[in-house]
Amino acid sequence: MRVYLDYNATTPMAPEVLDAMMPYFSERFANASSIHSEGQRARYAVEGARESVAGLIGAKAGEIVFTSGGTEADNLAIFGTVGAAGATNADGKRHVITSAIEHHAVLNACQKLERDGVEVTYVGVGADGVVDPEEVRRALRPSTILISIMHANNELGTIQPISAIGEIARESGVAFHTDAVQAAGKLPVDVGRLGVDLLSLSAHKIYGPKGMGALYLRAGTRLHPMFYGGHHERDKRPGTENVAGIVGLGRAAESARALLGKSAELGESAADSTSRIAAMRDRFESTILEMVPQSRVNGDRSRRVANTTNMTFAGAEGESLVIALDLRGVACSSGSACSSGAVEPSHVLTAIGLTPEEGRSSVRFSLGRTTVDAEIDFAVNAVREAVGHLRGISPSYRKTTAVPATRR
C-alpha cells in the first residue's frame, strides 16, 4: 500500500482538468494572439479560464494575470510593485514589510530587494505561527510601499489575519500582497473582504497542472512588468500564452469553487469536505500523540487549514524519518518541497521558537481530497514503527527527554 500525505507539495491533476486541457495540445493548438478563427477560439478559452480564476477569489476577470506559477506571481507582485513605486522620500528610501515565515519565493525576493538597497522588515510570529497585525502596524514607516504576508503557511498550515492586515494597509495607503498558494481552494477567498491589492495562486496546489499560476492585481494598482516582449496579459506578463495550462487552471478553479460551496456542480459541500479532512487530520494527530511518546504538534491547532499538520518527534531526524516512512509506503515531507535537501532547519520552525534540533526532527503531513480513513490508519502505524526504529539507533536519544504534546 502507498499513502500520499504531501498534498501541500503538489496535488494530482484532477481527471476533469486533464480532459479540459487535452484538446489544446492537439487540434486546438492555435496561438491565442492570432486573429484568425483558430486563434480566436484559443483566445475564447483563455478568457473563459480567466473568468473562472476570478470567480474563485471574488475578483474581476480583468484583474487576473496568468503566470508560470506561484513563484513567478510572488516575484511579479513584489518586484513589480517596488519597481512602480519609485523613491518615497528625499533620501530615495523604499521599505517593504513581510514576515519571517514566508515561502522562499517571497523571502528570497525580499533579500534581493535588500541587496538592491530596499529596506525590508521581517515581522516575527509567536509559537502559534501567526503574525500579529499590530506588529505589522508598528513596522510601518513613511517610506513603506508594500506589505506581503502569506494567507496560509505552507509548513504549519496556520492561517494569517489577512483581513486585519488589509485594514492596516488601506489606512496607511500601502499596497498589500498575499501569497495565497496554500489557501486558494482550501479556504473561501474573497479579495474584497481580505483587502488585498495583489494575490498569488498556483494551479498545481488545486489539482491543476504544474507550471501555471496567476496573480490578482486590483484595478488601479501600479505594477511594472518583470519581462519585456509582446503586449500579452495587458503588458504585465509578455509571452505566448500557455493555453492548455491556462485552461487547466481555469477548470481546477471551477472545481475548487464548487467544493467551496459557490456552485452545485459537485456532490460534497465545502463544509462536508473540510470537516471530513479535518477529522482525519485530527485523528491522525491524536493517535500519534497517544502512541508515540515525546511527539508534539507545531503551531496553532485551531487557526489552520484543515489538511495540514506539522509534528516534532524527539530523537528522530526529519529527513531520515521521511525516508523511513517512504520505505514503509508513506509519502510526506520534512518541510517545504522547495527547501528539500536543505541542511539548515526550517526557517518557519525556527521562527516559532523550535531549536535547530527540534526543527530537524519535524515532519509535515498534508492530506488531500481523496485521502481515506484506511490510509490514515496505515500512516499512523508507519509513523510509530519508523520513529521507534530511528530512536532505537540514535545515540543522542534519551527517553527521559520531556517534550510537550503541543505548542500554541
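Predicted model: local features only at pLDDT ≥ 70, side-chain atom pairs only at ≥ 80, totals over all residues.
Next I looked at helix 4 itself. I found that helix 4 covers residues 104-115, 12 residues in total, and spans 16 Å from its first C-alpha to its last, close to the 16 Å expected at 1.5 Å a residue. Which residues of helix 4 are buried? I got A105, V106, L107, A109, C110 and L113. I then checked what these buried residues pack against: helix 3, strand 3 (95-99), strand 4 (119-123), strand 5 (144-148), strand 6 (175-179) and helix 12 (347-351).

That took me to helix 3. I have it as residues 70-85, with 16 residues reaching 22 Å between the first and last C-alpha, close to the 22 Å expected. Helix 3 is mostly covered, with 12 of its 16 residues buried. The buried ones include E72, D74 and N75, along with L76, I78 and V82. Just after helix 3 I noted G86, with a positive phi of about 70°.

Last entry: helix 11 (residues 318-327) against helix 14 (residues 373-392). I read a packing angle of about 130°, with the axes 9 Å apart. That angle is why I wrote down helix 11 as oblique to helix 14. The crossing of this pair is right-handed. Where do they touch? On helix 11 I listed S320, L321, A324 and L325, which meet A382, V383, A386, V387 and L390 on helix 14. I sorted the residues of this contact into eight nonpolar, one polar and no charged.

How values were computed:
Residues numbered from 1 in each chain as written. Heavy atoms only, no water. Axes fitted to C-alpha atoms, helices over the stretch in contact; angles between N-to-C directions. Helix = DSSP H or I, 4+ residues; strand = E, 2+ residues; numbered from the N terminus. Parallel < 35°, antiparallel > 145°, perpendicular 65-115°, else oblique. Left-handed = near helix turned anticlockwise from the far one by under 90°. Contact = heavy atoms within 4.5 Å. Nonpolar A, V, L, I, M, F, W, Y, C, P; charged D, E, K, R; others polar. Expected span 1.5 Å × (residues − 1). Buried < 20%, exposed > 50% of the residue type's maximum accessible area, 1.4 Å probe, protein only.
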